[in-house]
Amino acid sequence: MKSNVTEIRVRYGETDQMGVVYHANYAVYFEVGRTEWLREFGLSYSKMEEEGIMLPVISLSVNYKNSARYDDLLKVKTRLKKLPTASIEFEYELINYNEQLLATGNTILAFIDKKRNRPTRCPKYLLDKLQDYSL
């Protein structure tokens with residue numbers, strides 16, 4: 001499946017007194033990767049919301065391997081696990097500048113019809129874009 005790599009610099013406010021990234025920030029890094037993955041296909045959360053689709057996270061898992069630290073330059077590798085149906089699933093790898101694996105993760109997001117506040121299928125325009133990239 002198509003993947004994207006996004007670089008992030010660890011900011012001071014994301015760390016504890018020892019300069020180690022607070023564990024909850026890994027979920028934020030994954031969100032940045034996912035947002036950039038969508039952007040690569042000409043999509044954005046705001047555009048999807050304008051078209052009546054919400055994408056809440058319904059599952060998140062993180063496997064911590066090593067610590068990210070203040071001022072590290074990180075790479076978030078984001079990959080679509082499979083073609084979406086009523087949900088979309090991403091896998092992540094967080095790697096530092098030494099190519100050391102810091103964390104792996106997975107998120108599942110549900111497609112929600114904003115007007116009805118009910119699950120719906122993946123929009124056709126997204127499936128069409130994914131097919132165009134020969135996933």
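**Strand pairing and overall build**

Reply: Val76 stands opposite Leu94 in strand 5. This is a predicted model, where local features need pLDDT of at least 70, side-chain atom pairs count only at pLDDT 80 or more, and totals for chains, interfaces and linings use all residues. Residues are numbered from 1 along each chain as its sequence is written, and side-chain values use heavy atoms, with hydrogens and water left out.

Me: How many bridges join strand 4 to strand 5?

Reply: Six, and the two run antiparallel, with strand 5 covering residues 87–95. For a pair, DSSP has to find at least two bridges between the strands. Strands themselves are DSSP runs of E, at least two residues, and helices are runs of H or I, at least four, numbered from the N terminus.

Me: What joins strand 4 to strand 5?

Reply: A hairpin, through six residues.

Me: And which residue stands opposite Val76 in strand 4?

Reply: Thr6. Strand 1 (residues 3–9) pairs with strand 4 in the antiparallel sense, over seven bridges.

Me: Which face of strand 4 is covered?

Reply: The one with Leu74, Val76, Thr78 and Leu80. Leu73, Lys75, Lys77 and Arg79 are on the uncovered face of strand 4, residues 73–80. In a regular strand, side chains alternate between the two faces of the sheet.

Me: Switching over, what order do the strands take in the three-stranded open sheet?

Reply: 2-7-8, with antiparallel pairing. Strand 2 (53–54) and strand 8 (118–119) are the edge strands, each pairing on one side only. Strand 2 and strand 7 (residues 112–113) pair over two bridges, and Met54 stands opposite Ile112 in strand 7.

Me: OK, whole chain now. How many helices and strands?

Reply: Three helices and eight strands. From the N terminus on, the elements run β-α-α-β-β-β-β-β-β-β-α. The radius of gyration is 16 Å, close to the 14 Å that the globule rule gives for 135 residues, so the chain is as compact as a globular protein of that length. That radius is taken over C-alpha atoms, and the rule is 2.2 Å times the number of residues to the power 0.38.

Me: What about the box?

Reply: Along the principal axes, the C-alpha atoms fill roughly 45 × 30 × 20 Å.

Me: Last one, what share of the residues is buried?

Reply: 39% of the 135 residues. Buried is under 20% relative accessible area, exposed is over 50%, and partly exposed is in between, with a 1.4 Å probe and protein chains only.
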